[in-house]
Amino acid sequence: MSEAGQLMLPDALDGVSPPERAPSLVGHSAVHDSLKAQLAAKRLPGAFLLHGPQGIGKATLAFTFAADVLTATGDEPEDRVKAQIEAGAHPNVLTLRIALNDSGKFYTVIRVEDVRHLRDWLHQTRGRAGYRVCIIDSIDDCNPSAANALLKILEEPPAETVFILVSHRPGALLPTIRSRCQAQALRPLSRAEVHQIVSAQMIDADPAQIDRAVDLSAGNPRRAFEALVLDELEALETLERWLADPLGHATGTHLDLAESLAKTGGPELQFARDLIVAWMAEEARTAAAGGAATRNRLASATELWDKAHDLFADADIYNLDMRQTLVSIFDTLKQHVERHAVIASAG
């Protein structure tokens, strides 16, 4: 729960501003314009669901639009509204996040107690003129009890209140929650947009390192920030090239790649896993966009997604050989690409 200047995030990156303090919103202009048009027409729904891959700026858009709502419906100038949001001090804004426990560590989920606090806040007299905005960052973090408690609020939302739900995995949400929100899909950013975001916050970083990090980001600013602190980028760059053209490399290339990645371990290996998952997600989105003509490709991409996640989960739980796990995933990925004669790209 973020209130009165408390801006601690469970997944914060060193040196990177939290979403409410981002220098500016970069990208997502089409979605932002759509939200502002509804605001101008005074046709705001009770709740929005901003969904897309983690780290592409969904929460930044949420806080940007919150400032738009408060400026349009309140009696304070835009710069003052934004300053209060950045400080976590605007009385008409409440951010629901994973909270700190009494020992100073973060809980693992958003709890029903946190949603009850939100309910109590909604029953209080608002601190400023204009609408109230509640940002849930992210709704994926709610445990079942918290999700059901939030659903009850969304079923009968208070007047002049806008809920903005951020989700990295909208398919896992309660269908009843999704049905009460206007869904807005956000996509990965362009390379130039990611470069603009990273350069603005990492002013002391080596430009060459920024370029390499952006190349590995696949349109995801958070991934670029993470890449800046990695030590071993050669194997990751090789993985990116292989994912861009799985059939265009010599036989056995993926075996050497699996061995190199397995040896890196730590954050580099996790980064590699994220790149693989991002490739599969983009492949599924591309297949879904093709409609009936690519139905078989979508089914194959979904099967690949399920198998890869099961293999990674088994490797984590049973401490299995990561090299063999990666080989199995790469083999299945190649078969998928060959079967559907596509050369998909991670970017």
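Author: This is a predicted model. The lining of the second largest pocket divides by class into 21 nonpolar, 11 polar and six charged residues.

Reader: How is such a pocket found, and what is the volume of the second largest pocket?

Author: Rolling a probe the size of a water molecule over the atoms shows where empty space is left. Here the second largest pocket has a volume of about 810 Å³. Its lining is made up of 38 residues, and Ser17, Pro19, Gly55, Thr60 and Arg222 lie nearest the centre. Helix H2 (58–73), helix H7 (191–201) and helix H9 are the elements that give two or more residues to this lining. H7 has the largest share, four residues.

Reader: What volume does the largest pocket have, and which residues are closest to its centre?

Author: The largest pocket has a volume of about 1,200 Å³. Among its 38 lining residues, Pro53, Gln54, His168, Val277 and Trp305 are the closest to the centre. Helices H9 (221–227), H12 (266–289) and H13 (295–318) each supply at least two residues of the lining. H12 gives the most, with nine residues.

Reader: How many nonpolar, polar and charged residues are in the lining of the largest pocket?

Author: The lining of the largest pocket has 16 nonpolar, 11 polar and 11 charged residues.

Reader: Let us turn to the rings. How many aromatic pairs does the structure hold?

Author: A pair is read from the distance between ring centres and the angle between ring planes, with over 60 degrees counted as edge-to-face. The structure holds two aromatic pairs. Phenylalanine 48 and phenylalanine 65 form an edge-to-face pair, at 5.6 Å centre to centre and 85 degrees between the planes. Phenylalanine 48 belongs to strand E1 (residues 47–51) and phenylalanine 65 to helix H2, so their pair ties together parts that are 17 residues apart in sequence.

Reader: Are phenylalanine 48 and phenylalanine 65 buried or exposed?

Author: Phenylalanine 48 and phenylalanine 65 are both buried.

Reader: Why is the pair of tryptophan 242 and phenylalanine 330 called tilted?

Author: The ring centres of tryptophan 242 and phenylalanine 330 are 4.9 Å apart and the planes are at 50 degrees, so the pair is tilted. Tryptophan 242 lies in helix H10 (residues 234–244) and phenylalanine 330 in helix H14 (residues 322–340), so this pair ties together parts that are 88 residues apart in sequence.

Reader: What is the relative accessibility of tryptophan 242 and of phenylalanine 330?

Author: Buried means under 20% relative accessible area. Tryptophan 242 counts as buried because its relative accessibility is 2%. Phenylalanine 330, at 0%, also counts as buried.

Reader: A charge can also sit over a ring. Which arginine lies over the face of tyrosine 107, and which has its charged end over the ring of tryptophan 121?

Author: Over the face of tyrosine 107 lies arginine 111, at 3.9 Å from the ring centre. The ring of tryptophan 121 has the charged end of arginine 132 over it, 5.8 Å from the ring centre.

Reader: Last, the chain as a whole. How many helices and strands does it have?

Author: The secondary structure comes to 14 helices and five strands. The radius of gyration is 21 Å, close to the 20 Å that the globule rule gives for 347 residues, so the chain is as compact as a globular protein of that length. The C-alpha trace spans about 65 × 45 × 45 Å along its principal axes. Of the 347 residues, 46% count as buried.

How values were computed:
Residues are numbered from 1 along each chain as its sequence is written. This is a predicted model: local features need pLDDT of at least 70, side-chain atom pairs count only at pLDDT 80 or more; totals for chains, interfaces and linings use all residues. Side-chain values use heavy atoms; hydrogens and water are left out. On a 1 Å grid over the protein atoms alone, a cavity is a set of points where a 1.4 Å probe fits but cannot get out, and a pocket is an open set with protein on both sides within 12 Å along at least five of seven lines; lining residues have an atom within 4 Å of a point. Grid points are joined across faces, edges and corners, and a volume is the space filled by probe spheres set on the points. Ala, Val, Leu, Ile, Met, Phe, Trp, Tyr, Cys and Pro count as nonpolar, Asp, Glu, Lys and Arg as charged, and the others, Gly among them, as polar. Rings of Phe, Tyr and Trp (its six-membered ring) pair if their centres lie within 6.5 Å; planes under 30 degrees apart count as stacked, over 60 as edge-to-face and the rest as tilted. Buried means under 20% relative accessible area, exposed over 50%, partly exposed in between (1.4 Å probe, protein chains only). A charge sits over a ring if NZ of Lys or CZ of Arg is within 6 Å of the ring centre and within 35 degrees of the ring normal. The radius of gyration is taken over C-alpha atoms; the globule rule is 2.2 Å times the number of residues to the power 0.38.
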